[in-house]
Amino acid sequence: MRAPGGAAAGLRYTVDLQHLQGVCALNYGRLRRLLPEPAAQAHFRFHWQQPGPEPALLEVRVLERSVYTDTLELSLSTLRLPWCPRLDMEVRIYHDAELAEVLRFQRARRIPARNRYPNPAMQGRDEKTQVNEFLADCLEHCLREGYADWTLPVGRPGGLSPVL
């Protein structure tokens with residue numbers, strides 16, 4: 001017997017909240033390492049080398065600040081991959097809970113934790129988990145390979161500073 005939406009009865013997707021919150025908690029830590037003083041600046045830029053003459057660029061803009069939360073916009077651009085759409089996501093940082101969650105990815109303003117599948121937007125059943133894991137991959141790459149456009153507080157004077 002099949003349930004509505006094509007899934008077999010009893011095999012309905014359930015969100016693994018423990019895993020999702022773990023990913024969001026690790027993303028909070030990664031962002032804190034990349035942006036040690038977000039209140040001091042509203043715009044951050046990270047570069048890393050890739051094949052070809054032009055480095056990739058991840059820009060982070062602080063859109064909103066409040067006592068318990070910050071909202072960031074992350075965008076990745078590279079001329080090396082003209083066929084690849086520009087990465088564009090919005091992330092909310094919850095300082096009291098020490099979590100960072102993707103609010104918007106590309107044009108999807110609302111990312112439900114669970115989707116019917118198939119659906120008109122072609123989102124996966126676990127789209128929210130997937131975009132938060134993708135954010136984790138991007139942040140890890142910046143931490144490993146990236147260079148910032150400013151001198152970090154632990155400081156190396158002048159020029160580009162390796163991301164720690």
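In which kind of crossing, left-handed or right-handed, does H1 pass H2? The crossing is left-handed, a word used when the near helix is turned anticlockwise from the far one by less than a right angle, with clockwise giving right-handed.

First, the ground rules. This is a predicted model, in which local features need pLDDT of at least 70 and side-chain atom pairs count only at pLDDT 80 or more, while totals for chains, interfaces and linings use all residues. Residues are numbered from 1 along each chain as its sequence is written, and side-chain values use heavy atoms, with hydrogens and water left out.

Now the two helices. Helices (H or I, at least four residues) and strands (E, at least two) are DSSP runs, numbered from the N terminus. H1 covers residues 17-34 and H2 covers residues 127-145; their axes come within 9 Å and cross at roughly 30°. Axes here are lines fitted to C-alpha atoms, for helices over the stretch in contact, and angles run from 0 to 180 degrees between N-to-C directions. H1 is therefore roughly parallel to H2; the cut-offs are under 35 degrees for roughly parallel, over 145 for roughly antiparallel, 65 to 115 for roughly perpendicular, and oblique for the rest.

Contact means heavy atoms within 4.5 Å. On the H1 side the contact residues include Leu20, Val23 and Leu31, and on the H2 side they include Lys128, Ala136 and Leu139. By class, the residues of this contact are ten nonpolar, four polar and five charged. Nonpolar covers Ala, Val, Leu, Ile, Met, Phe, Trp, Tyr, Cys and Pro; charged covers Asp, Glu, Lys and Arg; the others, Gly among them, are polar.

Next, salt bridges. Side chains of opposite charge can pair when their charged atoms come close. The rule asks for a side-chain nitrogen of Lys or Arg within 4 Å of a carboxyl oxygen of Asp or Glu, and the count comes to seven.

Asp88 sits in strand S4 and Arg104 in strand S5, 16 residues apart. Asp88 is partly exposed at 22%, whereas Arg104 is buried at 11%.

Key: Buried means under 20% relative accessible area, exposed over 50%, partly exposed in between (1.4 Å probe, protein chains only).
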